[in-house]
Amino acid sequence: MATDSSGLGFPLTLFVFFCVSVGREAEAAVPESKAVTRILGMRLEKSNKPTDITKTGVIQVTEGSDIVLRFYGLHLFPGSSELIRFTELYASDKVDNEFGARVVPNRTCSEHSKDILVNGLMEVSNQNTTGVVKLFIKELRKSEVVKVFGLCVQDPQEEKWSLLNDKDGRVLVVGEGTSLLPIWLQVIIICCLLVLSGMFSGLNLGLMALDPMELRIVQSCGTDKEKKYARKIEPIRRKGNYLLCSLLLGNVLVNTTLTILLDDLTKSGLGAVVASTVGIVIFGEIVPQALCSRHGLAVGANTILLTKLFMLLTFPLSWPISKLLDCVLGQEIGTVYNREKLVEMLKVTEPYNDLVKEELNMIQGALELRTKTVEDVMTPLGNCFMISSDTVLDFNTMSEIMESGYTRIPVYEHERSNIVDILFVKDLAFVDPDDCTTLKTITKFYNHPVHFVFHDTKLDAMLEEFKKGKSHLAIVQKVNNEGEGDPFYEVLGLVTLEDVIEEIIKSEILDESDLYIDNRTRKKVAPNKNKRDFSAFKHESESKVKISPQLLLAAHRFLATEVSLFSPAQISEKVLLRILRHPDVIQEIKFNENDKRSSHHYIYQRGKAVDYFILLLQGRVEVEAGNENMKFESGPFSYYGVMALSASTLVAAPRPRLLSFKRFSLFSRLPGKTVSYDSLRPPAGRLTPTAEFRSPSHLGGLNRTASLSGTDRTDSLVVSESNSSIPLQQYTPDFNVRALADLQFVKITRAQYQNGLMASRLDSTPQSPESSHHTAPTEEATPPASITVTDLGTDSAPMENGPDETTLLLLNEQTPAPTANHHSQLENSV
């Protein structure tokens, strides 16, 4: 028994456990079945078509849309979607503000509507209080514009359907909007509106850019077509503000209508905005404005009738606005260019106009004339060709004037900034260069007025002054008030009529006598092969460098009295005068400030052999001598190179002669320096048996009264006739003489001096007619002459108590004196 009972224990245990489990499930199922599902309200989640909430709180959806509603309640479960239905409450063909909130007395749902379909189960949340249900809204009937549906909820216990609250359970379904016009008609109208928009935009740019001034210009100087177009446009263009208001009003009206039609066509506000923006920008702005900006005259003339029509249509609104603009802004004048704008416009449009460069330069020069002053075009004072009033009008001076190429030459006194007269080249027509007339005499006779202008005078005012005929040359000056002194007038330069004309034509005017292309840049013209050489008119015996008769007389007296080699005992005064009047004797050096150490400035150089004597007439020189290279300056009537002439004299003398050389202190002008001539003697061996002299003894002429001892010492050197066979030696100075300014000096070579000695001896030696036959060998043996001495045989003597012979020769230069026959052949050779 025990064994059998133990075999039935395990199945019994399983049965008891199953029963307990079923009992527990039954107990749990009883409370769940007792919980009642309740739906309290709904809310719109999303829709694929436009939706809204009315002012009364009713959900508004569009027909034919899929919507999602969220329901709120208690004890919701997925199958709760079967407890939801909708019933049609009422419909209408119009919508008002209170539509959808009307009170329905009957709250029962007798019939469910098939216009709203519930799709699928409810998606319930974790708390079973909310759930989402998908619905589909069918399209309304053609006669219906709006329809209101109510939410019907089934009670699970009573299985009875009832309406939810008035506002919480209603759905307002509206129909989709209908097009204002047929689609094909809308497309045609939209295209026309785009064309009108482009026309208004293009005319606004094309017509308004043509100001009245430009239209008048086109009517006068345009082509035939341009004149025709301008005549059509000009009447309405004069009414600028009225035309502007009409075009802008038409453009705005067209663009607004275009946007409305596009919105009705696309049924989307965003789509209408995008489409209207793209269409207006491309076809209403860019294309027409690009076309009218280049061909505005032709487009405006061809659409003038349409423009007048729109001006008439918009008259009630555009005309009052235009009058108001006229009162506020004033009458439209048009584009007016001043001088600067005209010049800049010509420069900018140069590649596109048909003006040649010369014409363009003339126009620009004429327009810029008032903006420039005489200081901008004048020739600076340092570059001006001027003549001193004390200048002698000899052949060289007049040749220099002719070669300068100027017809009006300023004349200054003492300094270049003190301009006192103007010389006209035609004033020299009756002047004989041989008369040596001073320039002051000519200028005082003609007395041309000197025209002064200030440096800030405008070129147009200067041109008016020149046109009056007073003068074609003016002196530019300014008031200098710098510094502590009183203000004074400072001369800056010269300005001529040619300078003003050159500034107008923007080019240089050159003639056959010009030396410079531009006086300001000092650029020289190309060498002229046909340049005139006025030396062909010059007398052969005339000096290349012209000095006054007074200075020539002073040089003659100085050499005859102060230099022993030119004393009357050596050379007669007549021969000395003729030597000084030789063309090669009077010379000059033009000092170059830019190259002060140029070899051209050196008269003597140390160690370089010379054979000439120098007497300084004008200017300053620097002398460097001695082992210490002591330097000092010397001025007019100092002489150098006496030994260069005396060496040849020693050889040429036919009989013993006593020659005297004066020795002076070279540096007596330097304070604290007492170096005598003895200290500068050459060392032993320099004075060789060949009579080579290398001593600066001529420097005694720099200061004839200043010596170390205060008195002159004379050394005598006797050369006998036996030395006549000694060969000629060259003189080599041991000092330098350099120019410090422009120089004029007397330069007598050894050959010239030797010929003068022989001419003086022949002049002083009495000869008989028979002795003329014996002079031929002498003439043949005479060395080649370097100068020509005439009138050596003149026997005239100075009158008692009257002028001496030299003065008479100077005063009577042009009167030839009788010549002795027995001297003629020798004189010609000499």
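At 43% relative accessibility, Glu464 counts as partly exposed, while its salt-bridge partner Lys467 counts as exposed at 58%. Here buried means under 20% relative accessible area, exposed means over 50%, and partly exposed lies in between, with a 1.4 Å probe and protein chains only. The model is predicted, so local features need pLDDT of at least 70 and side-chain atom pairs count only at pLDDT 80 or more, whereas totals for chains, interfaces and linings use all residues. Residues are numbered from 1 along each chain as its sequence is written, and side-chain values use heavy atoms, with hydrogens and water left out.

**Salt bridges**

- A salt bridge is a side-chain nitrogen of Lys or Arg within 4 Å of a carboxyl oxygen of Asp or Glu.
- Side chains of opposite charge can pair when their charged atoms come close.
- The search of the whole structure finds 22 salt bridges.
- In the salt bridge between Glu464 and Lys467, the closest N and O atoms are 3.3 Å apart. Glu464 and Lys467 are separated by about one helical turn because they lie three residues apart in helix α15 (residues 459-467).
- Glu573 forms a salt bridge with Arg557, with 3.8 Å between the closest N and O atoms. This pair links distant parts of the chain, 16 residues apart: Glu573 is in helix α18 (residues 573-580) and Arg557 is in helix α17 (residues 549-562).
- Glu573 is partly exposed at 24% relative accessibility, and Arg557 is partly exposed with a relative accessible area of 27%.
- Glu82 and Arg85 meet through their side chains in a salt bridge of 3.5 Å, N to O. Glu82 is partly exposed, with a relative accessible area of 46%, and Arg85 is partly exposed, with a relative accessible area of 27%.

**Whole protein**

- The secondary structure comes to 23 helices and 31 strands. Helices (H or I, at least four residues) and strands (E, at least two) are DSSP runs, numbered from the N terminus.
- Of the 830 residues in the protein, 40% are buried.
- Contact means heavy atoms within 4.5 Å. Among contacts between residues at least 6 apart in sequence, 72% join residues at least 24 apart.
- The accessible surface comes to about 47,300 Å², of which carbon and sulfur atoms hold 56%. The areas come from the Shrake-Rupley method with a 1.4 Å probe, and for residues only the protein chains shown count as cover.

**Helix α8**

- In helix α8 (residues 304-313), the buried residues are Ile304, Thr307, Phe310 and Met311. These residues lie on the same side of α8 because they cover an arc of only 125° around the axis. The arc is that of the directions from the helix axis to the C-beta atoms.
- Leu305, Leu312 and Leu313 are exposed residues on the face of α8 turned away from its buried side.
- The cover over the buried residues of α8 includes α3 (183-209), α5 (224-237), α6 (240-266), α7 (269-302) and α9 (315-329).

**Sheets and strands**

- Two strands pair if DSSP finds at least two bridges between them.
- Four strands in the order β1-β4-β7-β6 make an open sheet with antiparallel pairing. β1 (38-47) and β6 (116-124) stand at its edges with a single partner strand each, so one side of each has no neighbour in the sheet.
- Neighbouring strands of the sheet β1-β4-β7-β6 are turned by 25° against each other on average, direction ignored. Axes are lines fitted to C-alpha atoms, for helices over the stretch in contact, and angles run from 0 to 180 degrees between N-to-C directions.
- β6 and strand β7 (residues 130-137) run antiparallel and are joined by six bridges. Ile116 stands opposite Ile137 in β7.
- An open sheet of three strands has the order β12-β14-β15 and mixed pairing. Its edges are β12 (387-388) and β15 (415-424), each with a single partner strand, so one side of each is left without a neighbour in the sheet.
- β12 pairs with strand β14 (residues 408-413) in the parallel sense over two bridges. Ser388 has Tyr412 in β14 as its bridge partner.
- Strand β17 (residues 452-454) runs parallel to β18 and is joined to it by three bridges. Phe452 has Ile475 in β18 as its bridge partner.
- Strand β18 (residues 473-480) is largely enclosed by the rest of the structure because six of its eight residues are buried.
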